[in-house]
Amino acid sequence: MNPNLYLIKYLLKPEMKATRDGYGEGLVLAGEKNKDVVVLCADLTESTRSLAFQKKFPERFVELGVAEQNMASVAAGMSLAGKIPFVSSYATFSPGRNNEQIRTTIAYNEANVKIAGAHAGISVGPDGATHQALEDIGLMRMLPGMTVIVPCDYEEAKKATMAAAEIIGPVYLRLGREKTPLMTTFDTPFKIGRAEVFKDGRDAVIFCCGSLVYNAVKAALDLESERISAAVINIHTIKPLDGETILKYARRTKAAVTVEEHQIYGGLGGAVAEFLAKEFPVPLEFIGVNDKFGESGRPDELIEKYGMGVAAIKKAVKRVLARK
Amino acid sequence: MEELHETKLKQLELKANQIRQDIIAMLVEAGSGHSAGPLGMADIFVALYFHVLKHDPRHPEWPGRDRLVLSNGHICPVRYAAMAHAGYFPISELKTLRKLGTRLQGHPHRLALPGMETTSGPLGSGLSQAAGMALALKMDGAPNRVYCAMSDGEHDAGQTWEAVMFAAKYKLNNLTGIIDRNNIQIDGYTEDIMPLDDLKDKYESFNWHVIEINGHNIREFVDACATAQTIFEKPAVIIAHTIPGKGVDFMESKFEWHGKPPNKEEAAAALRELRTLQGQIEAGHID
Ligand SMILES: Cc1ncc(C[n+]2csc(CCOP(=O)(O)OP(=O)(O)O)c2C)c(N)n1
Ligand SMILES: [Mg+2]
């Protein structure tokens, strides 16, 4: 593991915390720092963890009821009048349901609105497919000027939330419901647009994001014992993509795997493939949901069933090595 | 619609009680899911499946059936329980709610379960679909009715009102809306979160026929459904005033019970209470 990143060393029994909790704490910190930060929510205040901000700054909290389309455009209006709005809901509804409002009134306007999509990914679990956002990275990545961040853990989510408040322009933050392993610490560097090399390697590279970074690290550590040296790069910012780091590792290893809790089309895998196809084509394998809707089940069951577990990642690395 | 005799009414009340017990058992087994809404709508779903709807559980695709759209998909445990008792699938299957491989998805999926007319969960899109079905049936001169169960919370969503205007424009008198007016949503009481004020006035000004009832009075609901069928040139909506969590004292009217299941002890207490009520209905102490 990269010693310069102050990562948590003991990853076998990690501390578990949800990225949505990092968002909630980040909101309060951003709110303390800047009085223009306002938070909007559509009847999901507790589960998006906007509650702490509401309690601390009730006069800067706006409740819209079950109305995500209205929320997106109200936020656009507030930003055009000087505020820094964070809109909180589930990713299936925001940026799902309100996609056109985000496209025109936020992105095309270059409105300074931050969109937090919680309960993203299949690990939402028993609620089922209607609530499991698997296309949100794609939706947001296609919008000109939209910054897209997928934090890998609670700590990174907190930093990403604070960083989103600092930069000017629309940002999408993708958050998960479940508690997932903590890998980064307070001291781990975080800069929007800069990928971090969690583990170095020579034979293959795994580009990953979100809570599956943990599975990617585990897979890479396992593979060491089979004399396969795989690098693991945490691509927390899908847009703007850190082309320099991606290129460097594609050149070095000439075999890449992408890992994300998203459709394999349009998300991180798509972004990496588009980039490398033009800059430096190498064999690629994609880990993610393969053109299917999810279903009800336990998060761990679903991650395995839909091919995003550690074993599936190891297999993908071997497949890509065979294609070198 | 067939007349509702006293003996049948009592059967339906017992059935609603049974379904409430099933809902508790399903939720505690699943370990997640929604308690308040399903319990509050048990009387209405029993009335629908055992008296109002034209349907055939052995032939869920029967073309002559009435269509029931559940817009507020999160209350699906009540529909699953009513469907199981009506004979759509074995009652034992209720225990699979929300588990891997189940037909009883956490939010209903049309393709998973025969008889589930459409997929829902994301709020506010049911009435549009119900209106689409009603319009298509009208185009074909078909006699089927379309029922659309909705929540009050989803009246925050613009799409609901788009559908309200649409149904009035096309005079969809084969469409009956049913609103679970329980005054709660996730973040609190509806009038604090997004005031809906008087839904009756709103619907009337949008050219709908409105009937307000006590949603726990099966006879009132059945009568309202019969009246709705007699309205010319207008869609009808039944605003059912209900108590969320109905039948379980510690859940009643508490928005905190919107989206959580009872734990084992709470479930045991709830079932004790519901069985006591069952005894009272059997003994004729509750009308
Ligand atoms: C479009 C959309 N936004 C948000 C949600 C999350 N959600 C699920 S239920 C609910 C509360 C809505 O109130 P109501 O339907 O009246 O709930 P109940 O009375 O059953 O507690 C919300 C916001 C959703 N399902 N769909
Ligand atoms: Mg309600």
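**Interface between the chains**

I began with the area buried between chain B and chain A, which is about 1800 Å². Carbon and sulfur atoms give 52% of that area. In chain B, Leu100(B), Pro122(B) and Asp187(B) lose the most area to chain A. Together they account for 31% of what that side buries. I then looked up the contacts: 24 residues of chain B meet 22 residues of chain A. I note here that this is a predicted model.

**Magnesium site, ligand 2**

Next I listed the protein donors of the magnesium ion (ligand 2). They are Asp152(B) through OD, Asn182(B) through OD1 and Ile184(B) through O. These donors lie 2.1 to 2.2 Å from the ion.

**Helix α10 of chain B**

I turned to α10(B), which covers residues 264-282 and has 19 residues. From first C-alpha to last, α10(B) reaches 27 Å, close to the 27 Å expected at 1.5 Å a residue.

Which residues of α10(B) are buried? I found Ala267(B), Ala270(B), Leu271(B), Leu274(B), Gln278(B) and Ile281(B). They sit on the same side of α10(B), because they cover an arc of only 100 degrees around the axis. The general rule is that an α-helix has 3.6 residues a turn, so residues three or four places apart point the same way.

What do the buried residues of α10(B) pack against? Their partner is α1 (6-30) of chain B. On the other side of α10(B), I found Glu265(B) and Arg272(B) exposed.

At the start of α10(B), a side-chain oxygen of Asn263(B) comes to within 3.1 Å of the backbone nitrogen of Glu265(B). After α10(B) comes Gly284(B), with a positive phi near 80 degrees.

**Ser128(B)**

I located Ser128(B) in helix α5 (residues 126-139) of chain B. Is Ser128(B) buried or partly exposed? Its relative accessibility is 27%, so Ser128(B) counts as partly exposed. Leaving out residues up to four places away in sequence, Ser128(B) touches Gln159(B) and Ala163(B). I also took the C-alpha separation of Ser128(B) and Ala167(B), which is 8.3 Å. Those two residues are 39 residues apart along the chain.

As background, most residues other than glycine have a negative phi, and most peptide bonds are trans. I looked up some exceptions.

In chain A, a cis peptide bond joins Ser94(A) and Pro95(A), with omega about 20 degrees. Pro95(A) belongs to helix α4 (residues 92-97) of chain A. Another cis peptide bond joins Lys239(A) and Pro240(A), and there omega is about -5 degrees. I placed Pro240(A) in the loop between β12 (237-239) and α9 (243-253) of chain A.

Asn207(B) is not a glycine, yet its phi is positive, about 75 degrees. Asn207(B) sits in the loop between α8 (199-205) and β4 (209-214) of chain B. With 46% relative accessibility, Asn207(B) counts as partly exposed.

Ser253(B), also a residue other than glycine, has a positive phi near 60 degrees. I found Ser253(B) in the loop between β5 (236-241) and α10 of chain B. Its relative accessible area is 36%, so Ser253(B) is partly exposed.

Methods. Residues are numbered from 1 along each chain as its sequence is written. Chains are lettered from A and ligands numbered from 1 in the order in which they are written. This is a predicted model: local features need pLDDT of at least 70, side-chain atom pairs count only at pLDDT 80 or more; totals for chains, interfaces and linings use all residues. Side-chain values use heavy atoms; hydrogens and water are left out. Helices (H or I, at least four residues) and strands (E, at least two) are DSSP runs, numbered from the N terminus. The expected span of a helix is 1.5 Å times one less than its number of residues. Buried means under 20% relative accessible area, exposed over 50%, partly exposed in between (1.4 Å probe, protein chains only). The arc is that of the directions from the helix axis to the C-beta atoms. Contact means heavy atoms within 4.5 Å. A polar contact is a pair of N or O atoms within 3.5 Å; within protein, one must be able to donate a hydrogen and the other to accept it, and residues adjacent in sequence count only if both atoms are side-chain atoms. Donors are N, O and S atoms within 2.8 Å of the metal (3.2 Å for Na, K and Ca); water is not among the atoms, so sites may look incomplete. Buried area is the accessible area (1.4 Å probe) that two parts lose on being put together, summed over both.
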